[in-house]
Amino acid sequence: MIAAMLLSIQAYAFEFDGINLNDDVIKVTRAISSKKYVQDPERNCLKGVCFGTEIYLSLNIEDVNTKGKVGQLIVDVPMSDKEAFKTCSELLNVIYHQIDKKSDCVVYSVDADGTTLNLKAVPEGVKLIYNTPYYKPAK
């Protein structure tokens, strides 16, 4: 399940489940909608199924240096396995170059343009946070 989920994230940073995250926000949201992701009011994000695994998506379109672009894609993957974070980080170490590591977060360089991926351990499973070149951290 973990491998299928992570393999859906192509070796290039701007595609997720076949969705080009480099497009304008309108195109990205339409593509997400066409994949049958729907609003989950309880979590205030989008819920859908990717390769048989229920996941939750959020887009950060506020903290950007270019209006109309996606700054971050946040993917919450519910997992009950206590080793989920470790397993995911070991797999991502094979795919991407690790640039930083803390006890609950590993940062990877995923594209030459500066896109990074933060893999975080959360109580519900793991969280993947893609920071695109358009991402501008809030101050």
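Which residue forms a salt bridge with D76, and how far apart are the closest N and O atoms? That was my opening look-up, and K127 is the partner, with the closest N and O atoms 3.4 Å apart.

**Ground rules.** I am working with a predicted model, where local features need pLDDT of at least 70, side-chain atom pairs count only at pLDDT 80 or more, and totals for chains, interfaces and linings use all residues. Residues are numbered from 1 along each chain as its sequence is written, and side-chain values use heavy atoms, with hydrogens and water left out.

**Salt bridges.** I noted the cut-off: a side-chain nitrogen of Lys or Arg within 4 Å of a carboxyl oxygen of Asp or Glu. The structure holds four of these. Back to K127 and D76, which form one of them: K127 is in strand 10 and D76 in strand 6, 51 residues apart, so the pair links distant parts of the chain. Strands here are DSSP runs of E with at least two residues, helices are runs of H or I with at least four, and both are numbered from the N terminus. I also checked accessibility, where buried means under 20% relative accessible area, exposed over 50% and partly exposed in between (1.4 Å probe, protein chains only). D76 is buried at 11%, while K127 is partly exposed at 22%.

Next I looked up K69, whose side chain meets that of D24 in a salt bridge (3.4 Å, N to O). This pair also links distant parts of the chain, 45 residues apart: K69 is in the loop between strand 5 (53-60) and strand 6, and D24 is in the loop between strand 2 (19-20) and helix 2 (25-34). I have K69 down as buried at 15% and D24 as partly exposed at 41%.

K102 and D100 make another salt bridge, at 3.1 Å, N to O. D100 is partly exposed, at 35% relative accessibility.

**Cavity.** I found one cavity of 30 Å³ or more. My note on the method: on a 1 Å grid over the protein atoms alone, a cavity is a set of points where a 1.4 Å probe fits but cannot get out, and lining residues have an atom within 4 Å of a point. Grid points are joined across faces, edges and corners, and the volume is the space filled by probe spheres set on the points. The largest cavity has about 30 Å³ of space. D76 turns up again in its lining, along with R43, V77, P78, V122, E124, G125 and V126. Strand 6 (72-78) and strand 10 (125-131) each supply at least two lining residues, and strand 6 gives the most, with three.

**Rings.** R43, one of the lining residues, also lies over the face of Y56, 3.8 Å from the ring centre. The test I used wants NZ of Lys or CZ of Arg within 6 Å of the ring centre and within 35 degrees of the ring normal.

I then searched the whole structure for aromatic pairs and got one. Y96 and Y108 form a tilted pair, 6.4 Å centre to centre with 50° between the planes. Centres must lie within 6.5 Å for rings of Phe, Tyr and Trp (its six-membered ring); planes under 30 degrees apart are stacked, over 60 edge-to-face, and the rest tilted. Y96 is buried at 7%, and Y108 is buried at 0%.

**Positive phi.** K36 has a phi of about 75° although it is not a glycine. K36 lies in the loop between helix 2 and strand 3 (38-40) and is exposed at 68%.

How values were computed:
1 Å grid on protein atoms, 1.4 Å probe; cavity = no way out; pocket = protein on both sides within 12 Å on 5 of 7 lines; lining within 4 Å.
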